[in-house]
Amino acid sequence: MNIHRIIPALLVSAIFSLGTAWGQAHVDESLETAFLYVDGFAGSDSNPGTQTQPFKTIGKAAGVAILNNQNAVGTRVTINAGTYPETIMLNRTSKTTSLPITFQAAVKNTVKISGTDEWTGWQPYSGNSNIFTHAWPYAWGLCPRAPTGPFEQDINLRREMIFVNGAMLTQVLTFSQLVRGTFFVDETNGIVYIFPALGINIGAAHVEVATRPLLFSGLNVSNLVLRGLRFEQSNGCRNNDTVSFKGGSNVLIDADGFNWNNAGGLGIVGAASYTILNTTAKHNGQRGFKTIQAKNVAWNSDEADYNNWRGAQGSIYGWAGGGFYFFQQHDNTLVNLKMFYNQTHAMHWDTDNQNIYARSLISAHNLYYGLVVEKSEGPVTITKSSLCYNGLLGVYYDGGMALRASTNVTLQGNSFANNTISQIPIVGIQGGVPMAVTNYETGEQYNLVTENLVMRSNTIVGESGQQLLYDFDQSGTAWPGLQSTLVSDNNLWWNGSVPQPFTVPVPAYYTPLDWAGWQALTGQDTHSTFAAPAVDPTIPCQVPPDAPDFWFVNFDNGALTVNAGESVAYTMILMPLGSFNGKTFLTSYGVSLIPGASQSWSQNSLTGSGTTIFTIKTSTTTPKGRYPVTMSARSGDVTRTSTVWMTVQ
């Protein structure tokens, strides 16, 4: 059955005015009466762990703190500046008490818990003095493929990472693909090749190789604080996280960083009463933050940027990725969150999300949607937020705030502006088939279509080629259900470049409407206006990237099918970030391994930005099968790759 639960507006206002969540962490750190110190340079694990005689490793301090806890003594561990190449693990046992443990940096942002080891002894490669080699002792192979979702390319399932003087090299899978800014691991022969930036003095360079998949693990732990720490450069497999909490409650993540990891940053599963405050997750290979079945979680002033680079290498831009990825969240509050330049969704509430209240979000310049609410019973309330310049790839219904089979969503006082394709896309289900969702707490089942959408006091602005509201294929009972329960008023709508900026699925799919037609069809927006805004709604979104860079992405989402003897064309897009305006040279790998196939580029170089078409022509003798092909874009010392697959049938 469909549900119709509406939280009174006064209650929502009260929650937001207090800046609190339904529940959140309240760790009483005044109960910490034992004080331990760690110094990676001057310490020794044979020391007593005092301020003058600190431990050397965090792991040693953690062990002492656990024993203290079992003896009903709360402990604060203070960590001096430095890099700590280790993994810390905390597990609840029958002896665990409720006394708190805090791990904190003596000075915030100066403690790095690292997944890398520094490697020296690199030797010039005999065939090219700009390439360097080192023995490779690992044989990790491919990470396990997910049982569902898009096909994962081999590059998505690698976990190797190498950094030279802090710059991450791009991994390639054959020696022939090596160019500046890349590395290749030959597991068969136990050797690794790096091709760093021009002019690198390898003898003086700082070369870091990622060797640890997990940096912090908490199993059923409670009354814990992590403060001012950075967790970076772990090499966990896809769908895993650098810092992982499973179960437990009353945990505070305060001013931490989860950056430059191969897969996920912070993951929280099956837990309650967590607070994540003033924390960042940037440049992670799949996603920044993930929570699954997390209840009473408060997010405040957190930021997730530049995530999903590993996914993008295999043309996976949306599945289980995101700056923030939420699955089955109940009673959560989000305030003052920022999401910029993710090669995926900025924030995705995916399935069975209930009692969600979000205020003052800024989502901009993301490759896919700015926000997504999918298969959720709600209520989900989003207020005073800004979504601009999202959906940069421009496929399907990319854009600002996407709704799919979700009920009781309220949008109030937000700005949606200049998002590609659409500002508010409603992703339909052809035939109006409801989506079955089960509440993980109660077991109640819902058959969901998008209904009970409330839009009040929003600013919705589009440019040329952009729709304001885009619902093109909800048929059956889905569109009447949405139309009959829609509440929309006191909004400002505007697109001066598109005469019919609304799209609805009646009387036929893709029916465009002008402003008067929208009002007449829905019976809504009686007190709304259709006029240019007095103030630019994109101002909060005008945030430059942290450095010049570029993305090399595949418009076709990596998967095309062709009959033997025919051609298939991939649209590749070069997207500049910041002031990047260099010339980029394009190459490809893998077509020579397809019997009877040939290739061509519409342009084999691009300057600044642009689109090129890569065509593969098969022959009548090309065998059936799935063939991976990698396309590479290089500009100076930076190389970006995108692997697609072609199915010959």
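These questions and answers walk through salt bridges, sheets and cores in a predicted model.

Student: How many salt bridges does the count come to?
Tutor: Side chains of opposite charge can pair when their charged atoms come close. Here the rule asks for a Lys or Arg nitrogen within 4 Å of an Asp or Glu carboxyl oxygen. By this rule the count comes to 18 salt bridges.

Student: Which residue forms a salt bridge with Lys112?
Tutor: The closest N and O atoms of the pair are 3.3 Å apart. The pair links distant parts of the chain, 96 residues apart. Lys112 lies in strand S6 (residues 111–114), and its partner lies in strand S15 (residues 207–210). That partner is Glu208.

Student: Is Glu208 buried or exposed?
Tutor: Buried means under 20% relative accessible area. Lys112 has 10%, so Lys112 is buried. Glu208 has a relative accessible area of 7%, so Glu208 is also under the cut-off: buried.

Student: Which strand holds Arg287, the salt-bridge partner of Asp241?
Tutor: The closest N and O atoms of Asp241 and Arg287 are 3.7 Å apart. Both residues are buried. Asp241 sits in strand S19 (residues 241–246), 46 residues from Arg287. Arg287 is in strand S25 (residues 287–300).

Student: Is Lys282 buried, partly exposed or exposed?
Tutor: Lys282 meets Asp305 in a salt bridge of 3.8 Å, N to O. The two residues are 23 apart, with Asp305 in strand S26 (residues 303–305) and Lys282 in strand S24 (residues 280–282). Asp305 is buried, with a relative accessible area of 2%. Lys282 has 25%, which lies between the cut-offs of 20% and 50%, so Lys282 is partly exposed.

Student: Which strands stand at the edges of the open sheet of five strands?
Tutor: The order is S8-S9-S14-S13-S12, with mixed pairing. The twist averages 35 degrees from one strand to the next. An edge strand has a single partner strand, so one side is left without a neighbour in the sheet. The edges are S8 (123–125) and S12 (170–172).

Student: Which residue in S13 stands opposite Val172?
Tutor: Strand S12 joins strand S13 (residues 182–186) through three bridges. These two strands run parallel. Opposite Val172 stands Phe184.

Student: In S38, what is the bridge partner of Leu403?
Tutor: Strand S35 (residues 401–404) pairs with strand S32 (residues 371–374) in the parallel sense over four bridges. There, Glu374 stands opposite Arg404. S35 also pairs in the parallel sense with strand S38 (residues 422–427), over two bridges. The partner of Leu403 in S38 is Ile426.

Student: How many residues does the largest nonpolar core have?
Tutor: In soluble globular proteins, nonpolar side chains tend to be buried together. Phe103, Phe245, Leu334 and Met347 have the most contacts inside this core. Leu334 touches several residues, including Trp299, Phe326, Trp349 and Ile356. The core has 77 residues.

Student: How many residues are in the other core that lies apart from it?
Tutor: The largest core includes Leu334 and Met347. Another core lies apart from it, with Val562, Trp601, Leu606 and Ile616 among its residues. That core has 24 residues.

Key:
Residues are numbered from 1 along each chain as its sequence is written. This is a predicted model: local features need pLDDT of at least 70, side-chain atom pairs count only at pLDDT 80 or more; totals for chains, interfaces and linings use all residues. Side-chain values use heavy atoms; hydrogens and water are left out. A salt bridge is a side-chain nitrogen of Lys or Arg within 4 Å of a carboxyl oxygen of Asp or Glu. Buried means under 20% relative accessible area, exposed over 50%, partly exposed in between (1.4 Å probe, protein chains only). Two strands pair if DSSP finds at least two bridges between them. Axes are lines fitted to C-alpha atoms, for helices over the stretch in contact, and angles run from 0 to 180 degrees between N-to-C directions. A nonpolar core is a set of buried Ala, Val, Leu, Ile, Met, Phe, Trp, Tyr and Cys residues joined through side-chain atoms within 4.5 Å. Contact means heavy atoms within 4.5 Å. Lists of a residue's contacts leave out its neighbours within four places in sequence.
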